[in-house]
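Hi,

Here is the structure I promised to send over. Have a look, and then read on for what turned up in it.

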Amino acid sequence: MLIDMHSHSDGDVTFIEEQQRAHIATILNATTRAEFHFNEQYAGSQQILSYGVHPWETQRQPMDEQLLSQVAIIGEIGLDTVWTDVPLSVQRPFFLQQLHLAHDLHRPVILHTKGCESEILNDINELPDLTVLVHWYSSAKLQAAYIARPNSYFSIGPDVLTDEFVQTFAQKVPLSQLFIESDGLESFQWVLKRDVHINEYAGLLKQVYQKVADLRTMSVTQLEAQIEKNWQHLFS
């Protein structure tokens, strides 16, 4: 079974349907309440729904604590000083409130970190029992420190095809902590610098699996089996 650990429908029902057609299990992330309720309408049994106020949305979206308390996994949440001009003074209260709510509810979180790797590491190290999924970690810094933190998983994204820092990270992460993600169709477009059609999605995800398998000197079948084991462990 292929698992796409972090994906976004971006309001496109054909993406959700393509995951179902290709028998790809996933976490369908929602960064707004509207996106969550859209995903909820169409998701199948192997599409787990998440919700969290993304750092880019913290000036535009209210936080729905009731919805946060209902989802199986909270996120994606985090801090970003690279891809957004939303001040950290706005982002930080959202991030910390959601992080501590996840801890209190014993729910895993999906973390977005860009330019704030040290601060986020300090925050999650204060909550060692909290299970975190760090998605698309692309920093050359603090790789070993993130990996060493207990209760941590990491999803490798499409830029493993092109980014040497991500390739190095994919080689370092223990197999028991490793996942593969697409981050949605737009992320493949960003990495490949071209339009990507929905019917390419499953094949491109397989390319990411193949690249990580090659980096780890193992077969794709072995990698898929390990990631399925990790999936079952995370949601057991």
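In which strand does His-135 lie? His-135 belongs to β6, residues 132-135; strands are DSSP runs of E with at least two residues, numbered from the N terminus.

Before going further, a note on the source: this is a predicted model, where local features need pLDDT of at least 70 and side-chain atom pairs count only at pLDDT 80 or more, while totals for chains, interfaces and linings use all residues. Residues are numbered from 1 along each chain as its sequence is written, and side-chain values use heavy atoms, with hydrogens and water left out.

Back to His-135: because its relative accessibility is 5%, it counts as buried (under 20% relative accessible area, 1.4 Å probe, protein chains only). Residues that His-135 touches include His-6, Glu-76, His-112 and Asp-183, leaving aside those up to four places away in sequence (contact means heavy atoms within 4.5 Å).

Strand β3 (residues 47-51) may interest you too: 5 of its 5 residues are buried. Gln-47, Leu-49 and Tyr-51 cover one side, with Ile-48 and Ser-50 on the other. In a regular strand, side chains alternate between the two faces of the sheet. Strand β2 (residues 24-28) runs parallel to β3, joined to it by 3 bridges (pairing takes at least two DSSP bridges). Across from Gln-47 in β3 stands Thr-26.

Happy browsing!

Notes: Helix = DSSP H or I, 4+ residues; strand = E, 2+ residues; numbered from the N terminus. Buried < 20%, exposed > 50% of the residue type's maximum accessible area, 1.4 Å probe, protein only.
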